[in-house]
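I opened my notebook and worked through one protein model, a few entries at a time. Here is what I looked up, in the order I did it.

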Amino acid sequence: MKLLPLVLALAMSSMAFAQVQPKQLMDSTLLQRQDLAYHFSHLDLDSQDGQRHYRLWIGEPKRPAPATGHPVLWMLDGNAAVSALQPQQLEQLAAGQAPVLVAIGYQTDQRIERSARTYDYTPNVPGLAEQRDPLTGQPSGGVDAFLDLLEQRMRPMVAGVAAIDPHRQTLWGHSYGGLAVLHTLFTRPGMFSDYAAASPSLWWNEGAIQREASGLQQRLSNSQPRLLLMRGTDEPANPRAPVAGDAERPMRGLLGDLEKVKGLQVTFQRFEGLGHGPMLPASLQYVLSQQACLQSSCQNKEVQVAP
């Protein structure tokens, strides 16, 4: 089954929303429909310090859950993730593994909530006098508090409304969200069974996330997580020095390090001709396509990075 051409075709309908711009509104049209294979509801909660206000859009397949519960796909930048969902793919999901979809968004009509995601998706960097994002100057370093909230409050809230399988859970994120996915894997590898990092910001704070990778082997214990890394061929490696075509250089180094980790299954997927913005819907559509397949007939195929 050739998934990537289908994924790119589906993603084209979302390209108008793909570039991260300050005033883009969330497309919530799909949430209003009653004729879908999924039923959507939402739950609201606040951060521990009361500064960030979350909305979880929960998509439940309209079919009985297996005895073990539905697998779960957790999606960061939930407002943008909902905007990228396609009715056709929801039908395919419901006919396949039928995961519960959880889009972790914010209580805003904006597609991207810049300040909140900057704080929530970035790690604390030891030795810095002040935790500030190098790109925007906004407060950063709150990903561990965010992950605590996800584990201690969001998961129980979702489990209260949907039958979920605690052993089959995937975390997807793009850009800073991809950075958060990698941080979660490197520091809490048993929190999810699968990690999908699209266009992760490997450049952030001089490669801080790649330094975190060095401790993964010791933290794995009995966990055997799977990691899917995705990047477009037209993405720059660093938005502060955007030069198209060099994006795979840091990715190649990270892949080399992770291939040495015993117990970790790593797959890389290249998206030809896509830049950073379009990678959000395209990567999500790819992950959804993988989720739609039955386990016996759908497997990630590794795409080698040329040396």
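**Entry 1: contacts and the chain overall**

I count two residues as in contact when they have heavy atoms within 4.5 Å. I kept in mind that this is a predicted model. Among the contacts between residues at least 6 apart in sequence, I found that 76% join residues at least 24 apart. Next I looked up the secondary structure, and the chain has 10 helices and 8 strands. I also checked burial: of the 307 residues in the chain, 56% are buried.

**Entry 2: two residues with positive phi**

I then turned to backbone angles. A98 is not a glycine, yet I read a positive phi of about 50° for it. I located A98 in the loop between α3 (87–95) and β4 (100–106). Is A98 buried or exposed? I noted a relative accessible area of 1% for A98, so this residue is buried, the cut-off being under 20%.

N205 was my other case, with a positive phi near 45° in a residue other than glycine. I found N205 in helix α7, which covers residues 204–212. With a relative accessible area of 16%, N205 is buried too.

**Entry 3: helices α5 and α6**

I wanted to see how some helices pack. Two packed helices are described by the angle between their axes and the distance between the axes. For helix α5 (residues 143–159) and helix α6 (residues 176–187), I noted axes that come within 11 Å and cross at roughly 75°. An angle of 65 to 115 degrees counts as roughly perpendicular, so α5 and α6 are roughly perpendicular to each other. Which residues make the contact? I listed V143, D144 and L147 from α5, and A180, H183 and T184 from α6. Sorted by class, this contact has 3 nonpolar, 2 polar and 1 charged residues.

**Entry 4: helices α3 and α10**

My next pair was α3 and helix α10 (residues 279–292), which pack with their axes 8 Å apart at an angle of about 30°. Angles under 35 degrees count as roughly parallel, so I wrote down α3 and α10 as roughly parallel to each other. On the α3 side, the contact uses Q89, Q92 and L93. On the α10 side, I found Q285, L288, S289, Q291 and A292. I sorted the contact of α3 with α10 into 3 nonpolar and 5 polar residues, with no charged ones.

**Entry 5: the second largest pocket**

I moved on to the open spaces. The second largest pocket has a volume of about 470 Å³. I found 26 residues lining this pocket, and the closest to its centre are L135, S175, Y176, P239 and H276. Helix α4 (residues 114–120) gives the largest share of the lining, 3 residues. By class, I recorded 11 nonpolar, 10 polar and 5 charged residues in the lining of the second largest pocket.

**Entry 6: the cavity**

How many cavities of 30 Å³ or more are there? I found 1. The largest cavity has a volume of about 30 Å³. I listed its lining as D77, G78, N79, I104, G105, Y106, R111, I112 and E113. Both α2 (78–84) and β4 supply at least two residues of that lining, and β4 gives the most, with 3 residues.

Note on methods
Residues numbered from 1 in each chain as written. Predicted model: local features only at pLDDT ≥ 70, side-chain atom pairs only at ≥ 80, totals over all residues. Heavy atoms only, no water. Helix = DSSP H or I, 4+ residues; strand = E, 2+ residues; numbered from the N terminus. Buried < 20%, exposed > 50% of the residue type's maximum accessible area, 1.4 Å probe, protein only. 1 Å grid on protein atoms, 1.4 Å probe; cavity = no way out; pocket = protein on both sides within 12 Å on 5 of 7 lines; lining within 4 Å. Points joined across faces, edges and corners; volume = space filled by probe spheres on them. Nonpolar A, V, L, I, M, F, W, Y, C, P; charged D, E, K, R; others polar. Axes fitted to C-alpha atoms, helices over the stretch in contact; angles between N-to-C directions. Parallel < 35°, antiparallel > 145°, perpendicular 65-115°, else oblique.
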